[in-house]
Amino acid sequence: MSASRPEMIDFRGVNKFYGQLAALVDVTETVARGEVVVVCGPSGSGKSTLIRTVNRLEDIHSGSIVFDGQDVHAKMGSAQLNRLRSRIGFVFQSFNLFPHLSALENVMLSPMRVSGMGRAEAREKAAALLDRVGLSARRDNFPGQLSGGQQQRVAIARALAMEPPAMLFDEPTSALDPEMVGEVLNVMRGLARDGMTMMCVTHEMGFARDVADRVWFMDEGRIVETAPPEEFFGRARHPRAQRFLSELRVR
């Protein structure tokens, strides 16, 4: 992490268990402001669990996570937790859009309900965000009238509507047909170019190679390797990372 870029997300000795199963083991890492980190690894390695601890969708058992100066897992009321979550954009595998609202209304909802923004202002903001993700022409369509890739782009616009200082992506393309993956990754590339702090759990290694500042490789709940993409893909050091990459190339 560059000394000129302060920390946005700070994991300090984070442990998480499901019964006797250790899901996260002594995770200690930082994401700098404006940095793009791609988290990869085999299925069940703890990637999604890790990213879901940042906005407290998953609790931790020990350690701490500090987001933009705030202790995420400190004791807090529901209103305080909702304020924290509103500052952390989260894009899920499934789009989680409200089916009875149009694309525009889905994006308008949080600024109006959480921030108290007036309807006209929220509408203008939502229209601009849908334009940003290439969906101006579909703003009045309902989710059921949109392709999976279009729904995921609406979900990204919805997350951006709260002007979060960081965005988290939990396998945002895994539920999409292959031809729709590119349109979502292009939006994510644009966010990275604009300097958005991003943590992305993804199997899209081309995206990781092109866009990430660093790749974190996880295995059995641990971050066992962290490196810039050219180093990770060219000369991974950890045997499990080497095996993971060789299996990708065989496919």
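The legends below describe close-up views of one predicted model.

Residues are numbered from 1 along each chain as its sequence is written, and side-chain values use heavy atoms, with hydrogens and water left out. Because the model is predicted, local features need pLDDT of at least 70 and side-chain atom pairs count only at pLDDT 80 or more, while totals for chains, interfaces and linings use all residues.

**View 1. The four-stranded open sheet has the order 2-1-4-5.** Strands (E, at least two residues) and helices (H or I, at least four) are DSSP runs, numbered from the N terminus. Two strands pair if DSSP finds at least two bridges between them. The pairing in this sheet is antiparallel. Strand 2 (21-32) and strand 5 (70-71) are the edge strands, each pairing on one side only. Strand 4 (residues 62-67) is joined to strand 5 by two bridges, and V66 stands opposite D71 in strand 5.

**View 2. V27 is a residue of strand 2.** Is V27 buried or exposed? V27 counts as buried because its relative accessibility is 1%; buried means under 20% relative accessible area, exposed over 50% and partly exposed in between, with a 1.4 Å probe and protein chains only. Contact means heavy atoms within 4.5 Å. Not counting residues up to four places away in sequence, V27 touches F11, R12, G13, V14, L50, G221 and I223. V27 and G221 are 194 residues apart in sequence, and their C-alpha atoms are 8.0 Å apart in space.

**View 3. Helix 2 spans residues 78-86.** The buried residues of helix 2 are L81, L84 and S86. Strand 4, strand 5 and strand 6 are included in what covers these buried residues.

**View 4. The six-stranded open sheet has the order 6-7-8-3-9-10.** Its pairing is mixed. Strand 6 and strand 10 (222-227) are the edge strands, and each pairs on one side only. Neighbouring strands of this sheet are turned by 20° against each other on average, direction ignored. Strands of a sheet pair through backbone hydrogen bonds, either parallel or antiparallel. Strand 6 and strand 7 (residues 166-170) run parallel and are joined by four bridges, with I88 opposite A166 in strand 7. Strand 6 (residues 88-91) is covered on both faces: I88 and F90 on one side, and G89 and V91 on the other, are all buried. Strand 3 (residues 36-40) and strand 9 (residues 214-219) also run parallel, with four bridges between them. The bridge partner of C40 in strand 9 is F217.

**View 5. Helix 6 (residues 178-193) lies across strand 3, strand 7 and strand 8 (197-201).** Helix 6 runs at about 150° to strand 8. Axes are lines fitted to C-alpha atoms, for helices over the stretch in contact, and angles run from 0 to 180 degrees between N-to-C directions.

**View 6. The largest nonpolar core has 54 residues.** A nonpolar core is a set of buried Ala, Val, Leu, Ile, Met, Phe, Trp, Tyr and Cys residues joined through side-chain atoms within 4.5 Å. Which residues of this core touch the most other members? They are L130, I156, M167, F169, M188, M198 and F232. Helix 6 gives the largest share of this core, eight residues. A second, separate core of 27 residues includes M8, V14, V31 and I60.

**View 7. F217, F232, F233 and F244 form one aromatic cluster.** Rings of Phe, Tyr and Trp (its six-membered ring) pair if their centres lie within 6.5 Å; planes under 30 degrees apart count as stacked, over 60 as edge-to-face and the rest as tilted. By this rule, the count of aromatic pairs comes to five. The charged end of R209 sits over the ring of F233, 4.5 Å from its centre; this term requires NZ of Lys or CZ of Arg within 6 Å of the ring centre and within 35 degrees of the ring normal. Leaving aside neighbours within four places in sequence, F232 is in contact with C40, V215, F217, E225, A227, A241 and L245.

**View 8. A227 lies in strand 10.** A227 is buried, with a relative accessible area of 1%. Beyond its neighbours within four places in sequence, A227 is in contact with R214, V215 and F232.
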